[in-house]
Amino acid sequence: MEKLSGYMFIAAMLSTGLATIFYLMYAVSGLRAARMQTAGMTMTTGSVSITSGPRTAAIGRYATMLGWLAVFTLLAALVARTVATGHGPFANMYEFSMAFAFGILLAYMLFERRYHQRILALIALPVALAMMLYANTIPPDIAPLVPALQNNLLLTVHVAVAIVAYGSFAIAFAAAALYLVQLFIAWTMNRDEPGGWGLPRLDVLDDIGYRAVIVGFPFLTATIILGAVWADTAWGSYWSWDPKETASLVTWFIYGAYLHARVMRGWRGKRAAVLLVIGFAATLFTYFGNLFFGGLHSYSGLG
Amino acid sequence: MTEEAQTRPLPPNGAPVAAAAGPTFMDRVDRVLEGLWHFLSSMRVAMVIMLAIAALGVVGSLIIQAPPGVLVDAQAKAGWLDEIRPKYGNWTGFLDTLQLFQIFNSLVFRILVATLTISLIACSIHRIPGVWRTTTKPRVDVGPQFFEHAPQHEAIVVRHTPAETLAIVEGVMRGRHYRLLTTDDGAIHIYGDRFRWAAWAGLIAHISIVVILLGAIVGGMFGYRDAQFTIAEGQTLPVAAEPGLSVQLIDFTDKYDTVTGSPIDYASQIVVFKDGAEIDRHTVRVNDPYRYGDTTFYQAFFGAAAVMTVTDASGKELYSGGVPLAWRTNADNRPVGSLTVPGTGNVIWLVGTLGGGDDTIKPGQIQAELYTAGEASQIGTEVIDQGKATTMGDLTITFERETQFTGLNVARDPGVLFVWLGSLLLFGGFAIRFMIRHKRVWGRIVARPNGGAVLGMATLATKDVSQATDFENLVTDIRAALQTPAQS
């Protein structure tokens, strides 16, 4: 089972890599189509999200299929790992990074299904791939759980919920990054109106970012609460300002600020997007935090 | 931040503020209070404070934070600062002055949290009347302008009479589970909503944060915590938090993985006595604390202990049992513990070995330092061998054998109930707030002079950028229903 998990993980990495390439081809093909259109006729800037020819559409379909393949192979890897270890695949950085990548991939695919913005993959998939490559650098040995982690229910629920939150925040980040990239391109090219090149419309990206956060935020809230419940069970104190606890609270505050910002005049759009980027930086800080700031969560398996 | 208070003043309460005589003192007070209220109930202010707390949190997770209690005790603080000095060098004193080693107890942090809490309460109070009105007394007649300027609006010309049109619209909306209110004053006004109680979810989520903070305050004021409850194997100790209760440690076990060497189990077998009678037995593990009433015992740490026997000059046994060597000496980091001899009040400090290679106190030896009652003066110091009775002063001290102690965290927190209640409301509130929206739709039916009617539909919800909204679907359904011939 442990071996099967390893093979499935490699398959997942390959499919994610391939999917990324296909999404890139899709973007290039769409960009070319958009260019040709701009050259041929007056294009109403920013009103069409993607102008795809049949070729582009076919590449897009393959990319999507590969994306789902990555989701399912990674899921298989995680399930096999769970069977092999007897606990949820969240006990060390190897397992957790796989799960994080899975969260990003799944969140992306679900958002693609709903919003049909494949360009988001150009950011979301490389992030997931980076997570998997990172996991790949960690020895996948199965070690027994340290006493603090010996709570199968809370280990599974606390971290599974965290994965959903982190995955959603990755999508929000992808949307925000694409938003800011478009502003940046418009700024460097001295164009008044950003958009075009087959990239998603700004208001669509703003909306996707928001949708992703309203999924992720309650889940992050649940992660922190479950963490507090666990800390109270294991250590006798629901909150100790442990660095990882603190970092997760910081993340919570940043997304909380974002949710308030978005309903305020003048904060929608660019500033909200900046907050989403900061929020994801905080998410990564929370995620990798235990590696460099020690504390109660320092059982990463990396000594 | 005050900018908002200036740019968005309250509408005047009917009183002419700019009276000819100029603002009176009370006017000024009013203005200051109004400004303060605006400051506190402003979302922009709340957002800025949230970001500021986040920034402090980043600092707090990057800079080592002092363990609780350390900075209160001057000696412990000096020791702790010395410990971290290698890391922060000359900055140590400066960082300490800025309270950066205790950020979450610092003045700045407290002020920010207090302001945010007040702002939260102010915002909530500000919103309650509006939410109350929307859920209980919604406006049915919103005026004709609304149907031209609402974010989403539709006008449909129908050939049915207004009454027939109303029946059809009602049918469709009821089918979509809308609650309907209608009035008729020549024009028919329709109000329909769904999930009206969802409007409270966001408010509840916000107030629940106050409940959690309240729990933390209650816990801090009325809670009890002894994070240093150490018992050696065989030792029985009274629990300060529960009069009459005492705990005996039968055995402590620590197990390690044979391959990786990482710990796999810490277990303290305890017997619990109430007024001397055994009432319970439990094995306390990291994820399996022992609860007695409101008090809970958690596995926290462990270490070496010494089993000692102390007899007086007549040979009467004064003490026999374990002594946890739970502390470390400042000078050379040796395990150290103390025993107050029952009956005499003498205090014996026991210093353990550092292990093989330690020439001062070899393995199998312990150093005993005997003091008079109250540790006024030292009677003697001796390194004694295991199993060998040694006389010091009037006492004969024997180091029987080495054993282990367990360190339990004994805690009672009456605030924790508030914390969990608040957490439940927080999660539930946010989940509902973001999943379920209070849907509101207004309709207006006006008869046309030449027969038929005009149906206006509108909602405050904004258009969705990427898919049909509920409003659009509803209007589509209504259109379809209106197409079918009216039953006559």
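The secondary structure of chain B comes to 11 helices and 20 strands, where helices (H or I, at least four residues) and strands (E, at least two) are DSSP runs numbered from the N terminus. This is a predicted model, in which local features need pLDDT of at least 70 and side-chain atom pairs count only at pLDDT 80 or more, while totals for chains, interfaces and linings use all residues. Residues are numbered from 1 along each chain as its sequence is written, with chains lettered from A and ligands numbered from 1 in the order in which they are written.

Chain A, for its part, has 8 helices and 0 strands, so that reading along its sequence gives α-α-α-α-α-α-α-α under the DSSP run definition. Of its 303 residues, 56% are buried; a residue is buried if 20 or more other C-beta atoms lie within 10 Å of its own, exposed if 12 or fewer, and partly exposed in between, with C-beta atoms placed from the backbone. In chain B, 28% of the 488 residues count as buried. As for contacts (C-beta atoms, placed from the backbone, within 7 Å), 80% of those in chain A between residues at least 6 apart in sequence join residues at least 24 apart. In chain B, residues 24 or more positions apart account for 60% of the contacts with a separation of 6 or more.

The overall outline of chain B is drawn out. Its C-alpha trace spans about 120 × 65 × 45 Å along the principal axes. The radius of gyration of chain B is 36 Å, whereas a compact globule of 488 residues would have one near 23 Å; the radius is taken over C-alpha atoms, and the globule rule is 2.2 Å times the number of residues to the power 0.38.

Where the chains meet, 40 residues of chain A are in contact with 40 residues of chain B. On the chain A side, the elements giving two or more residues are α6 (202-234), α7 (243-262) and α8 (270-293) of chain A. The largest share of that side, 13 residues, comes from α6(A). The residues on this side of chain A divide into 27 nonpolar, 10 polar and 3 charged; here Ala, Val, Leu, Ile, Met, Phe, Trp, Tyr, Cys and Pro count as nonpolar, Asp, Glu, Lys and Arg as charged, and the others, Gly among them, as polar.

Helix α6(A) also stands out for its burial: 27 of its 33 residues are buried, so it is largely enclosed by the rest of the structure. Those 33 residues should span 48 Å at 1.5 Å a residue, and the end C-alpha atoms are 46 Å apart, which agrees; the expected span is 1.5 Å times one less than the number of residues. Just after α6(A), A:Gly236 takes a positive phi of about 80°. Helix α2 (residues 54-85) of chain A has 32 residues and reaches 46 Å from its first C-alpha to its last, close to the 46 Å expected at 1.5 Å a residue. Just after α2(A), A:Gly86 takes a positive phi of about 85°.

Across in chain B, B:Gly57 is found in helix α3 (residues 43-62). B:Gly57 is buried, with 26 other C-beta atoms within 10 Å. Leaving aside neighbours within four places in sequence, B:Gly57 is in contact with A:Thr246, A:Leu249, A:Val250 and A:Phe253. Within its own chain, B:Gly57 lies 8.0 Å, C-alpha to C-alpha, from B:Ile103, 46 residues apart in sequence.

B:Val218, in helix α9 (residues 199-222) of chain B, counts as partly exposed, with 17 C-beta neighbours inside 10 Å. Beyond four places in sequence, B:Val218 is in contact with B:Pro414, B:Gly415 and B:Phe418.

Finally, helix α11 (residues 470-483) of chain B has 14 residues that should span 20 Å at 1.5 Å a residue, and its end C-alpha atoms are 20 Å apart, which agrees. In α11(B), B:Phe471, B:Leu474, B:Val475, B:Ile478 and B:Leu482 are buried. These cover an arc of only 95° around the axis, which puts them on the same side of α11(B); the arc is that of the directions from the helix axis to the C-beta atoms. On the other side of α11(B), B:Asn473, B:Ala480 and B:Gln483 are exposed. The cover over the buried residues of α11(B) includes β1 (152-158), α8 (162-175), β19 (439-447) and β20 (453-459) of chain B.

Notes
Contact = placed C-beta atoms within 7 Å.
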